[in-house]
Amino acid sequence: MKRKFWWPILLLVVLIFGGWLIVSQSLRDNASQQYEKTKVPTLFLHGYGSSHRAEEHMTQAIVKAGVTQNVIRATVAKDGTVKLQGALPQSAYNPLVEVEFEDNKNANYRQNGVWLKNVLVKLQKTYGFKKFNAVAHSMGNLTLAYYMLDNGQNKKLPQLQKQVNIAGHYNGIIGMDDQANQMQLEEDGAPKQMTGTYQQLLKLDDSYPKKQVSVLNIYGDLNDGSDSDGRVSNNSSRSEKYLLQEVYRSYQELEIKGEGGQHSKLHENRQVDRAIINFIWKK
């Protein structure tokens, strides 16, 4: 008698669970239809002293949104060699690559740019990628900038299509070579005082491919009177536009206000997640 009693309940549970799986898959399929499906990988670049863990909130949010199901990691050893963890199937679309530098406290931006080149060469040899997107946080922005400074005109390498810059310190860091409310911009967007790094980056308009790269520049304002995210002044981040004004295909800015705009919280912010998704993949 007990067995007969449990069979209907078990059957009901199976039917409910099966129905939930079907509905969930349907919702994911409908969500994925909002996004372009390409073979172009998007690389995530962490900041000083950080790792792939700072990128995982963003990559997981992108997967959850239905943009892709494919995430791999590229780890760069201190000698510059690159190891790929995970594999991309031939059917993969919108793949994500979490880039991690083992020497994560190397403040030599040009060396970091060389390591990024090593990652791209490895991905190109392994998967044949001809294009890429980039999402960078903090020092990762300078890694990308110096990579482009030295390789932007090299047509043999994968070509940058879209870049998202988060908390970029293009013209100084508070507590190092900047302080709150010190740095001002001219009407044309040029900083009134330029750091040595910024002066080197002025050559980006010669190294970037003309009208190829679309840019989304995200920065945080704590609303505490500092006009900064606590580490980087808004004008230091916004000074990027002047560097690329002659070469970008399109340029957008997004300011994140309040507590969620704190420097290290920007890469764990849902508004930032949604902005990245819409900018890179939304149809």
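Colleague: Asn181: what does its relative accessibility make it count as?
Modeller: Asn181 counts as partly exposed, because its relative accessibility is 42%. Buried is under 20% relative accessible area, exposed is over 50% and partly exposed is in between, with a 1.4 Å probe and protein chains only.

Colleague: What are we looking at, and how do you count?
Modeller: It's a predicted model, where local features need pLDDT of at least 70, side-chain atom pairs count only at pLDDT 80 or more, and totals for chains, interfaces and linings use all residues. Residues are numbered from 1 along each chain as its sequence is written, and side-chain values use heavy atoms, with hydrogens and water left out.

Colleague: Back to Asn181. Where does it lie?
Modeller: In the loop between strand S6 (159-166) and helix H5 (196-201). Helices (H or I, at least four residues) and strands (E, at least two) are DSSP runs, numbered from the N terminus.

Colleague: And what's the phi of Asn223?
Modeller: Positive, about 60°, and Asn223 isn't a glycine either. You'll find Asn223 in the loop between strand S7 (214-221) and helix H7 (234-238).

Colleague: Zooming out, how many helices and strands does the protein chain have?
Modeller: Nine helices and eight strands. The chain has 283 residues, and 51% of them count as buried.

Colleague: In what order do the strands of the sheet sit?
Modeller: The order is S3-S2-S4-S1-S5-S6-S7-S8, in an open sheet of eight strands with mixed pairing. S3 (82-85) and S8 (250-257) are the edge strands, each pairing on one side only. On average, neighbouring strands here are turned by 20° against each other, direction ignored. Two strands pair if DSSP finds at least two bridges between them.

Colleague: What holds paired strands together, in general?
Modeller: Backbone hydrogen bonds, in either a parallel or an antiparallel arrangement.

Colleague: How many bridges join S1 to S4?
Modeller: Four, and S1 and S4 (residues 96-101) run parallel. Leu45 has Val99 as its bridge partner in S4. S1 also pairs with S5 (residues 131-137), again in the parallel sense over four bridges, and there Leu43 stands opposite Ala134. As for S2 (residues 71-76), six bridges join it to S4 in parallel, with Ala74 opposite Val99.

Colleague: Which way do the residues of S1 point?
Modeller: In S1 (residues 42-45), Thr42 and Phe44 point one way, Leu43 and Leu45 the other, and all are buried.

Colleague: What about Asn112: buried or exposed?
Modeller: Asn112 is buried, because its relative accessible area is 0%. It's part of helix H3 (residues 109-127). Leaving out residues up to four places away in sequence, Asn112 touches Phe101, Asn106, Met139 and Thr143. Contact means heavy atoms within 4.5 Å.

Colleague: New topic: at what angle do H2 and H9 cross?
Modeller: Roughly 60°, and the axes of H2 (residues 53-64) and H9 (residues 270-280) come within 10 Å. That makes H2 oblique to H9. Angles under 35 degrees count as roughly parallel, over 145 as roughly antiparallel, 65 to 115 as roughly perpendicular and the rest as oblique. Axes are lines fitted to C-alpha atoms, for helices over the stretch in contact, and angles run from 0 to 180 degrees between N-to-C directions.

Colleague: Which residues make the contact?
Modeller: His57, Met58, Ala61 and Ile62 on the H2 side, with Asp273, Ile276 and Ile277 from H9.
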